[in-house]
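I opened my notebook for this one and went through the model step by step. Here is what I looked up, in the order I wrote it down.

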Amino acid sequence: MLTDPRVVYLFLYVRDMDVSRDFFERTLGLRVLEEDAQSVKYDTGEVILALNRASDFGVTLPGEHDHSTDIVFLVDDVDRARAALEARGVTFTETHRYEIGAITDFYDPDGHWFTLYETSEESLTWPSGDRIEAVRALSHRRGESTVAADDGFTLDGKPLIYLFLFVRDADEAFALYSQTLGIRDLEGGPCSRASTADEEGVVKYDTGGIILTTHSLETVREEEEIIDHPCPPRTVNPVEMGGKAVVLHAPDIEVTVKNLREKGVDFPEGVVRSGIGATARFVDPSGHVFFLYEPSPESLRLPSGEVLRRVLAETY
């Protein structure tokens, strides 16, 4: 069981670091925390987005859009955000408005799926609404981007708020995330006794300032529905699963790995230690990749460590 199940990093694997950096920095306007020849880290609110070169980690990326995971930015005005980013070359799907609010999707150069999300009044009355409002308040308090672009809008200062993982079986996913890992469900699960306007099979978990959410695949949607808006997809390509990884905080990784192994979680490489700390990799039943991470004292002195300390200190 995880004692502090916060998502602290989201790893994205990319083919060409220069191309991806141009997209995330020049086009989207994200602020760099740290960089080296193989990776770059961005401040995306209550989680750190890190790009890693896929070839350095033996990761194969699909030659199509990745519909296994949806990475969601919280914005105050989706129309303004869309217009500003379209002017800088981003291609969006149609904007959809329904009970949850307004959403529009786009993809990075490697096909990773992103969404801009503007909340509705109704969505903020759901159990997850308190967390969204808390994260929004934190981002406003820290200030918006000072980088001028088009009308002044960039995604710098706009937090990642949701991470949707599409799963083959909702009950199977719940058994791992809730019962084995011990992550509390904020909404949609049997413990929360509440659900959103989304389809059955959506569970939102308390993973800190970004809400990890499992969503069942929907196998009967028409092809034109997928093109118009892929959520939820009918199927996912297993190759897609390795293109990103979710990193959960584990303050005592040795004890956590031992306990989870006793519950049947497989850590093929065991605990791996380096200058940044200790990690342990596992894969969920649908193929989504996770790392447990115990930061080293040295890593916490880096610029990303300052953000990490801030994230771990928040109570929301």
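I started with Y316, which is partly exposed at a relative accessible area of 25%. That lies between the cut-offs of 20% for buried and 50% for exposed. This is a predicted model, so I keep that in mind throughout. I placed Y316 in the segment that follows α7 (303-313). Most residues other than glycine have a negative phi.

Next I traced the sheet. I found eight strands in an open sheet with mixed pairing, ordered β6-β7-β8-β5-β9-β12-β11-β10. β6 (96-98) and β10 (185-187) each have a single partner strand, so one side of each has no neighbour in the sheet.

Then I zoomed in on one pair. β9 (residues 160-167) runs parallel to β12 (residues 211-216), with six bridges between them. For L165, I looked up the bridge partner in β12 and found T214. I also checked helix α2 (residues 78-86), which packs on the sheet and touches β6, β7 (101-107) and β8 (113-119). The directions of α2 and β8 make about 145 degrees.

Last, I turned to the largest pocket, which holds about 850 Å³ of space. Its lining has 33 residues, and those closest to the centre are F11, Y13, N52, F57 and F291. Among the elements giving two or more residues to this lining, I jotted down β1 (7-14), β4 (48-53) and β16 (289-295). By class, I logged 16 nonpolar, 10 polar and seven charged lining residues.

How values were computed:
Residues are numbered from 1 along each chain as its sequence is written. This is a predicted model: local features need pLDDT of at least 70, side-chain atom pairs count only at pLDDT 80 or more; totals for chains, interfaces and linings use all residues. Side-chain values use heavy atoms; hydrogens and water are left out. Two strands pair if DSSP finds at least two bridges between them. Helices (H or I, at least four residues) and strands (E, at least two) are DSSP runs, numbered from the N terminus. Contact means heavy atoms within 4.5 Å. Axes are lines fitted to C-alpha atoms, for helices over the stretch in contact, and angles run from 0 to 180 degrees between N-to-C directions. Buried means under 20% relative accessible area, exposed over 50%, partly exposed in between (1.4 Å probe, protein chains only). On a 1 Å grid over the protein atoms alone, a cavity is a set of points where a 1.4 Å probe fits but cannot get out, and a pocket is an open set with protein on both sides within 12 Å along at least five of seven lines; lining residues have an atom within 4 Å of a point. Grid points are joined across faces, edges and corners, and a volume is the space filled by probe spheres set on the points. Ala, Val, Leu, Ile, Met, Phe, Trp, Tyr, Cys and Pro count as nonpolar, Asp, Glu, Lys and Arg as charged, and the others, Gly among them, as polar.
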